[in-house]
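Please keep the model open in a viewer while reading, with the selection tool at hand. Each stop below names what to select and then says what is found there.

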Amino acid sequence: MGRIVDYNLTEELEHGIFVSCLVRDLARELNLDEPVVYRLTLAGLLHDIGKLRLANYLYGTEKIVSPLVVEEMKYVRMHSMLSYDILAERGYDDPLILESVRYHHENFDGSGYPANLKGDEIPLGARIIRVCDVFAALTTDRPYRRRFDADEAVRLMIDEIRHFDLKIFLAFERVIHRTGTKYRVRISAGDDEIIRLFGAEREKASEGGPEAYEADGMEPDEEERVLHESDTAPSII
Ligand SMILES: [Fe+2]
């Protein structure tokens, strides 16, 4: 039996960075105050941090899992609570960040987890991350499928619109139609600094990865937005 979950730290970090970029723009589109935008951006970066501990439970020394795949799936659903636990243990005490992370897999119709919250019971930050998280996942390659382009991803999300807060989803559509979803992110660690490109293609059949963006004729400062190091500054990992 193969593992259904194979965590790759780099991929998890990249997912977090992409989601945080999307969350920042969506939160601004929703006219939230800039300090709130900053805190939600941070929550977007850290929302899946619990997967690292989950991987340890599933495959590491803390083996608590049954060999059944269904059991693995059950434990996968623990990751949002584990994310909350890790942040709380690390001293995060901002309820906006903690609650946004804890409930980022709740669906608007009440079918999500961990608490089956419904509608406005779900914290606003969690509803924002939910939309960005699903979009980022759909527009990223997975071992079992190629990534969808941005328009396909939006169509797939419309099919599942009951999972999302419609007002937030419509704001998200405005963001990606107006500004696209391409980001140039500067990541600093000590003296080292790297620039990574993130984003979703707008049209199908693009074989190029992120590296292909420059060849699209896009001016670096025109459509790409830079999420500055100071916008996120993760100190947890
Ligand atoms: Fe998640």
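Is Asn-116 buried or exposed? Select Asn-116 in this predicted model and display the C-beta atoms around it: 12 others lie within 10 Å, so Asn-116 is exposed. Its place is in the loop between H6 and H7, and its phi is positive, about 50°, although it is not a glycine.

Stay in that loop and select Pro-114, which also lies between H6 and H7. The peptide bond leading from Tyr-113 to Pro-114 is cis, with omega near 10°. As background to both stops, most residues other than glycine have a negative phi, and most peptide bonds are trans.

Next, select Asn-31, in the loop between H1 and H2. Here again a residue other than glycine has a positive phi, in this case near 60°. Asn-31 counts as exposed because it has 8 C-beta neighbours inside 10 Å.

**The whole chain**

Now zoom out and colour by secondary structure, where the protein chain shows 10 helices and three strands. Read from the N terminus, the order is α-α-α-α-α-α-α-α-α-β-β-β-α. Of the 237 residues in the chain, 36% are buried.

**The nonpolar core**

Select Leu-22, Val-23, Leu-26, Ile-128, Val-131, Cys-132 and Phe-135, which touch the most other members of the largest nonpolar core, a set of 45 residues. The elements that give two or more residues to this core are H1, helix H2 (34-46), helix H5 (79-89), H6, H7, H8, H9 and S1. H7 gives the most, with nine residues. To look at one member in detail, centre the view on Cys-132, which, leaving aside neighbours within four places in sequence, is in contact with Val-19, Leu-22, Val-23, Leu-26 and Gly-44.

**Helix H9**

Which residues of H9 are buried? Select helix H9 (residues 166-179), a helix of 14 residues that reaches 20 Å from its first C-alpha to its last, close to the 20 Å expected at 1.5 Å a residue. Its buried residues are Ile-168, Phe-169, Phe-172, Val-175 and Ile-176. These residues cover an arc of only 115° around the axis, which is why they sit on the same side of H9. Helix H1 (9-29), helix H7 (124-138) and helix H8 (150-159) are included in what covers them. After H9 comes Gly-180, with a positive phi near 75°.

**The loop between H7 and H8**

Select Thr-139, which has its place in the loop between H7 and H8. Thr-139 counts as buried because 22 C-beta neighbours lie inside 10 Å. Beyond residues up to four places away in sequence, Thr-139 touches Arg-147, Phe-148, Ala-150, Ala-153 and Ala-200. A distance to check in the viewer is that from Thr-139 to Val-154, whose C-alpha atoms are separated by 9.8 Å although the two residues are 15 apart along the chain.

**The hairpin**

How many bridges join strand S1 to strand S2? Select residues 182-189 for S1 and residues 192-199 for S2; the two strands run antiparallel and are joined by eight bridges. Among the pairs to pick out, Arg-186 has Ile-195 as its bridge partner in S2, and Ile-187 has Ile-194. S1 and S2 form a hairpin with two residues between them, and in the turn Gly-190 has a positive phi of about 65°.

**Confidence**

Finally, colour the chain by pLDDT, for which the mean is 80, with 75% of the residues at 70 or more. Confidence is highest in helix H6 (residues 95-102), at a mean of 98, and lowest in helix H10 (residues 229-232), at 39. Over residues 205-237 the pLDDT stays under 50, and for this stretch the model has 40 contacts beyond four places in sequence. Where pLDDT is low, the predicted coordinates should not be read in detail.

Note on methods. Residues are numbered from 1 along each chain as its sequence is written. This is a predicted model: local features need pLDDT of at least 70, side-chain atom pairs count only at pLDDT 80 or more; totals for chains, interfaces and linings use all residues. Two strands pair if DSSP finds at least two bridges between them. Helices (H or I, at least four residues) and strands (E, at least two) are DSSP runs, numbered from the N terminus. pLDDT is the predictor's confidence in each residue, from 0 to 100. Two residues are in contact if their C-beta atoms, placed from the backbone, lie within 7 Å. A residue is buried if 20 or more other C-beta atoms lie within 10 Å of its own, exposed if 12 or fewer, and partly exposed in between; C-beta atoms are placed from the backbone. The expected span of a helix is 1.5 Å times one less than its number of residues. The arc is that of the directions from the helix axis to the C-beta atoms. A nonpolar core is a set of buried Ala, Val, Leu, Ile, Met, Phe, Trp, Tyr and Cys residues joined through C-beta atoms within 7 Å.
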